[in-house]
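Hi,

Here is the structure I said I'd pass along.

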Amino acid sequence: MGNEGFSRERLLQTIEESRGFPSIDPEVLASRLEELAAIGRTEEGGVTRYVYTEEEQQAKNLFRSWMQEAGLSVREDGVGNIYGLWESGQAGAPIILTGSHLDTVKNGGAFDGALGCISSLMAVEALKAEGAMLNCSVEIAVFVDEEGARFGSGLLGSRAAVGDISKDAFFQMRDDEGVTAAEAMKLMDYSPNKLENNIYPRERLRAYLELHVEQGKQLEQQEASIGVVEGIAGPSWLDVHFLGETDHAGNTPMNIRKDAAAAAAEFILYLEQLPAMHSDTAVATVGRLSLEPNGSNVIAGEARLTADIRDLDEEVRDQMISLARSEAEKIADRRELTVSHEVAFRVKPVPAPEWIRRSIWDASRSIGLTAESLVSGASHDAMMFGAYVPFGLLFVPSFEGKSHTPEEFTELKDCVNGVAVLKETIRTIGTKKGR
């Protein structure tokens, strides 16, 4: 099977392998994925849905209608997060919160975020259809701006939900057109004011659960159906600015150049080698680089880059940041440049509690699925809630590991398996005693 990206026809190729759960209709799952993928569809076959745009609003409205049809009590907060509550009938009962996001990166895939939202809804629908008796309520969450593609700062909705973002941040973040997040919110009838009104009552939460596509190749290579996430590696962004001298590329001898582009290249190669010196789970990436004046016959006088450095071990991650900063200074000294660096973003790694991981393992085995233990290098909304309440994150396979691209794809049978495991995990946690 080639990797031609998302289509309903391709999705339905494994429908006969997806019919093992009477309360989960694979055709409904496929139709919902297809309907969401059509919103913000690009010429390349991808999806672009930035936060606080008509495309994102249309997707949220569609999902809201599905939650209402399922008999859930739907509400929206002041930053645009939407929730759908299935009440247990007990006043003040604990809550299991489960969900994901509907925004995408530019020309992204049809599964990232969307499958997590759909899976949460279909798990609740299946539990209701089965007459499940839980001692807690279940609430579905659709968070805004997980990706950070528009304003450059992700997890906006879940950060607001846990009270981990300030009002000032909404007025400082700007998109490529210079529009602040606060301005974009107001255009969509949301408000950056009174953020305390958007904080989720996490004292009622028994757990937060999220299903996501793996965005990697481990499950596919191990031929496993479910990934049980040990924890989420803490991301950090290190902004580095090399300042040299702009000169003519033809008339400036090599031995007297102060080439900021060459300094950036040396730093990038160093960063590529850094993780292996410290940890099997650490990663480091430069995905953003800009040169000035960016001419083909001009020596770059300035180079700006962002180093993304992550690991599940916070001490290791922070040590790599320190070494990267030191190396940037050494490179600048050798090349007679100046350099500045700043940690623009840093989030603590979040380990998943063993009892929730065990619940996911047991749910997988109970329906005959193989599971594999993984570390998530990518950030998810689960990271924000996991800092405060018990959380679980489970993965389903990504075809060839593709994600954030039109080629992103997960087979329907794997999607349905994920819903089934999420459902059983909710059932297990929803029948335990205590918070």
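Leaving aside neighbours within four places in sequence, which residues is Asp259 in contact with? They are Ile299, Ala300 and Leu337, where contact means heavy atoms within 4.5 Å.

Before you dig in: this is a predicted model, with local features needing pLDDT of at least 70 and side-chain atom pairs counting only at pLDDT 80 or more, while totals for chains, interfaces and linings use all residues. Numbering runs from 1 along each chain as its sequence is written, and side-chain values use heavy atoms, with hydrogens and water left out.

Back to Asp259: you'll find it in the loop between strand 8 (247-248) and helix 9 (260-273). Helices (H or I, at least four residues) and strands (E, at least two) are DSSP runs, numbered from the N terminus. Asp259 is buried but has no salt bridge, and Arg257, the nearest side chain of opposite charge, is 4.9 Å away. Buried is under 20% relative accessible area, exposed over 50%, partly exposed in between (1.4 Å probe, protein chains only); a salt bridge puts a side-chain nitrogen of Lys or Arg within 4 Å of a carboxyl oxygen of Asp or Glu. A polar atom of the Asp259 side chain does sit 2.8 Å from the backbone nitrogen of Ala261.

Then there's Glu35, in helix 2 (residues 26-37). Glu35 counts as partly exposed because its relative accessibility is 38%. Not counting residues up to four places away in sequence, Glu35 touches Leu62 and Trp66.

Cheers

Terms used:
Lys, Arg positive; Asp, Glu negative; His and termini not counted. Polar contact = N/O pair within 3.5 Å; in protein donor to acceptor, adjacent residues only side chain to side chain.
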